[in-house]
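Hi,

Here is the structure I promised to pass on.

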Amino acid sequence: MEDPLPRPISGITVPPKGQRPGPTLADSPAVEALRAALDAGDGGALAAFWRRVEESGTPLIEPAPDSPNESLVTFVAREADQVKDVVLLANRVTEPDAYRDSVLRRLPGTDLRHLTLRMRSDWRAGRTPRPPPRGLPASAAHLAERSLAAGSGTPRADLERWFGAQACARPDPLHRRAGGWQALVTDGSWVELPDAPATTVNPPPAATPGRLEETRFASALLGNERSVWTYSSAAGRGDWLLVMTDGEGWVRHGLIDAVLGGPMAAGLLPPMTAVLIDSIDVPTRLRELACSPAFVDALDEELLPQLAAAGLAYAPERTIIAGASLGGLTAAYAALRAPHRFRNAYSQSGSFWWPTTKTLGEEPAWLNRCFATAERLPVKLRLEVGLHERGMLQHTRHLRDVLLAKGYDLSYLEFNGGADRLWWAASLARGLGARIGGFSSTS
């Protein structure tokens, strides 16, 4: 099927920038109690505070005094250098556009840096407190330039400090990683408040691990070659085929077995086969996952026929294409361009703002307008987006409204987080269940 509208001339894949409100800051009762003890001359108060932090781990979570549905979340770091910033990188909550509200405060006369956010108690996010490096990494300078080119009004120095901290981010040494399913998803740290929805991420029993096989896929249409992984549960290939972009992220640390194999072993999802497609590198990803006809055609005309010839032949009604961020954009685009192949699309944090418009007369949200223009197709969609994703949230809500107005079969979820693999992993099985049965379509 041809695209219903002409493709954008620019096709720029830099997310649009604009001043953002920044996090909602608060005062931590624990930090204020420490401040009062130090003012009263309690010489052992600081050491006692750090002992409690080491015992409990970070962040410190305290109830908001005037709201049963909110928490005060305090991030702390030990930093004796009086002039060095310690930046909190909390997915889509702290931002370079609000740099000064993303820097931990120094408690005078101590090595304590702290920052308290007031958050709804179902928040889940990846995060890392980290000082920027002494020198500016080349990647940080490049990202700062991209942000400025996309319209960011943040001073260059703050952008460079932010992306410099991002470039050298490491797990918080005071955070407890051991035993959490999140460690399969991220090498960094995370925060998960008490009301965050339960997750089905769980490795299957040792006796029933899934099977993961890696092959190479050479595409004449794309002119490149990459790895493709095929995953199936211990119960077999099943009646559903799941095609996922950014496959390299799902195979790390056995994540795909925990995300899909666990729920399948528990009977929460029917057995299915997942095909996980490597993105090769960042430039290739930016080119191929921005509503690329060649990429979708390569799946339709090359990859899936090859899989069918190897015994993985599935009807389009039982084929799901899924992805996150630009991959989520591509999932919805694949259903539009190749409904004869993909009757189900699952988008997590889809980049429906695409493209960033730099050409006079060009409009954002090209794919939304395509769905509004085209005749309704026999496809079903699942959209998920984080409440902290701002531009993505706006354009995903718009696409939701377009699809509902056109009469599409749609399930939809807004979660309290950002464009975050923690959320994508946590909700994947439920999102799939909303499309194929096993979970409520409203969850």
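Aromatic pairs first: the count comes to 6, taking rings of Phe, Tyr and Trp (its six-membered ring) as paired if their centres lie within 6.5 Å, with planes under 30 degrees apart called stacked, over 60 edge-to-face and the rest tilted. Phe49 and Trp50 make an edge-to-face pair, 5.6 Å centre to centre with 70° between the planes. Both Phe49 and Trp50 are buried (under 20% relative accessible area with a 1.4 Å probe and protein chains only as cover; exposed is over 50%, partly exposed in between). Phe415 and Trp423, by contrast, are stacked, at 4.7 Å centre to centre and 25° between the planes. Phe415 and Trp423 are both buried too. Then there is a cluster, in which ring pairs link Tyr333, Trp354 and Trp366.

Before you go further: this is a predicted model, where local features need pLDDT of at least 70 and side-chain atom pairs count only at pLDDT 80 or more, while totals for chains, interfaces and linings use all residues. Residues are numbered from 1 along each chain as its sequence is written, and side-chain values use heavy atoms, with hydrogens and water left out.

Back to the rings. Trp366 also has a charge over it: the charged end of Arg7 sits 5.8 Å from the ring centre (the rule wants NZ of Lys or CZ of Arg within 6 Å of the ring centre and within 35 degrees of the ring normal). Arg421 does likewise with Trp250, lying over its face at 5.2 Å from the ring centre.

On the overall fold, the protein has 12 helices and 16 strands (DSSP runs numbered from the N terminus: H or I of at least four residues for helices, E of at least two for strands). Its radius of gyration is 23 Å, close to the 22 Å that the globule rule gives for 443 residues, so the protein is as compact as a globular protein of that length. That radius is taken over C-alpha atoms, and the rule is 2.2 Å times the number of residues to the power 0.38. Along the principal axes, the C-alpha atoms fill a box of roughly 75 × 60 × 40 Å. Buried residues make up 55% of the 443. Of the contacts (heavy atoms within 4.5 Å) with a separation of 6 or more, 77% are between residues 24 or more positions apart.

Which strand holds Ser347? Ser347 is in strand 14, residues 344-348, and is buried at 1% relative accessible area. A polar atom of its side chain lies 3.2 Å from the backbone oxygen of Gly328. Beyond its neighbours within four places in sequence, Ser347 touches residues including Gly323, Gly328, Phe352 and Arg382.

Leu88 is in strand 4, residues 87-90, and counts as buried at 0% relative accessibility. Outside four places in sequence, the contacts of Leu88 include Phe75, Leu104, Leu117, Arg127 and Trp162.

After helix 1 comes Gly41, whose phi is positive, near 90°. As for polar contacts, they are pairs of N or O atoms within 3.5 Å; within protein, one must be able to donate a hydrogen and the other to accept it, and residues adjacent in sequence count only if both atoms are side-chain atoms.

Cheers
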